[in-house]
Amino acid sequence: MNKRTLGRDGLEVSALGLGCMGMSEFYGQGDENESIAVIHRALDLGMNFLDTADMYGKGANEELVGRAIKGRRDEVVLATKFGVKRDGDSRTIENSPEYIRAACDASLQRLGIDHIDLYYMHRRNPDVPVEESVGAMAELVEQGKVRHLGLSEVSADTLRKANAVHPIAALQSEYSLFTRGLEAEILPAARELGVGLVAYSPISRGLLSAALPRPEELPADDFRRHLPRTSGENAEHNRALAAEVKKIADAAGVTAAQLSLAWLLAQGEDVVPIPGTKRLKYLEENAAAADITLTPQQLDALAAAVPADAVRGTRYLSMNEVER
């Protein structure tokens, strides 16, 4: 698989990464053996950029990824995150320097590694100056525990303040044909600073595959049953948009998911999508998207089928944690 570079310090990753979150939580029950097989197959295919976080499965996802990469650490560019502190069903955003240091050590232990290649602040607490948080993250780089720094779901202003303290390699934000809000200010700021964009939910939580079951057909513990975009009248409207994408994909001889990933890859060499899956079938389908080059006519057709503001419904039940 081709490589792309995140940030000005030269963090090289596969053009497509693998989001591991759903292997442990949020999308129904997973199977650990199959999940590990998916990670191994991703590495075999050259998809070496793995993404996890300490809050996924309350640490269980990092442990799973750690078991999967044991003996293959040198093949992996590993990203994890801190900042979402879970206590039972409640969540708080914690960005204090003391917490960051402890969270990093805990992640290293769960992953069974001696350094993290890309360490993100998962969400920002506006009560803590971002300069303090990034200062603590920079100390981890000096100590050799972390190689590169990242932020997730922050505004252009926050990104600039953070980058003034220490170079930021990557901004991880939701970006897809169905999620375009960062194109106005955030993506231009990232490019101005030389920060790469890691696009999560690049298939819009399955909506863009044109095959997502209706909410009542999803497992009881699948959080898409309740999201504004994937439930109620919004879902029906958005399904109709996805059907238009599928028509273009069918004409091109690819799947709707592959077309959606190819569209993201076409947005710039600094964009790296990280589609998540816990199934071998979908992993291989996603990986093949890296070989698709869209024509100007296909890009124009997608722009006409899905205008930037066409999708209905917010991305989360509450958008309070997301800076815009």
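**Entry 1: helix 10**

The model I am reading is a predicted one.

**Entry 2: helix 7 against helix 10**

I noted that two packed helices are described by the angle between their axes and the distance between the axes. For helix 7 (residues 232-252) and helix 10 (residues 296-305), I wrote down an angle of about 165° and axes 9 Å apart. An angle over 145 degrees counts as roughly antiparallel, and helix 7 and helix 10 are therefore roughly antiparallel to each other. I recorded their crossing as right-handed.

Next I listed the residues that meet. Helix 7 brings Leu241, Glu244, Val245, Ile248 and Ala252, and helix 10 brings Gln298, Ala301, Leu302 and Ala305. Sorted by class, this contact has 7 nonpolar residues, 1 polar and 1 charged.

**Entry 3: Ala257**

I then picked a residue in helix 8, Ala257. Is Ala257 buried or exposed? Its relative accessible area is 5%, and buried means under 20%, so I put Ala257 down as buried.

I set aside the neighbours of Ala257 within four places in sequence and looked for its other contacts. I found Ile203, Leu208, Ser209, Glu285 and Asn286. I also checked Ala257 against Glu284: they are 27 residues apart in sequence, and their C-alpha atoms are 12 Å apart in space.

**Entry 4: helix 1 against helix 2**

Last, I looked up helix 1 (residues 32-44) and helix 2 (residues 60-69), which pack at an angle of about 55° with axes 9 Å apart. That angle makes helix 1 oblique to helix 2. I noted a right-handed crossing for this pair.

Which residues make the contact? From helix 1 I listed Glu32, Ser35, Ile36, Ile39 and His40, and from helix 2 Leu64, Val65, Arg67, Ala68 and Ile69. By class, the contact of helix 1 with helix 2 divides into 6 nonpolar, 2 polar and 2 charged residues.

Conventions. Residues numbered from 1 in each chain as written. Predicted model: local features only at pLDDT ≥ 70, side-chain atom pairs only at ≥ 80, totals over all residues. Heavy atoms only, no water. Axes fitted to C-alpha atoms, helices over the stretch in contact; angles between N-to-C directions. Helix = DSSP H or I, 4+ residues; strand = E, 2+ residues; numbered from the N terminus. Parallel < 35°, antiparallel > 145°, perpendicular 65-115°, else oblique. Left-handed = near helix turned anticlockwise from the far one by under 90°. Contact = heavy atoms within 4.5 Å. Nonpolar A, V, L, I, M, F, W, Y, C, P; charged D, E, K, R; others polar. Buried < 20%, exposed > 50% of the residue type's maximum accessible area, 1.4 Å probe, protein only.
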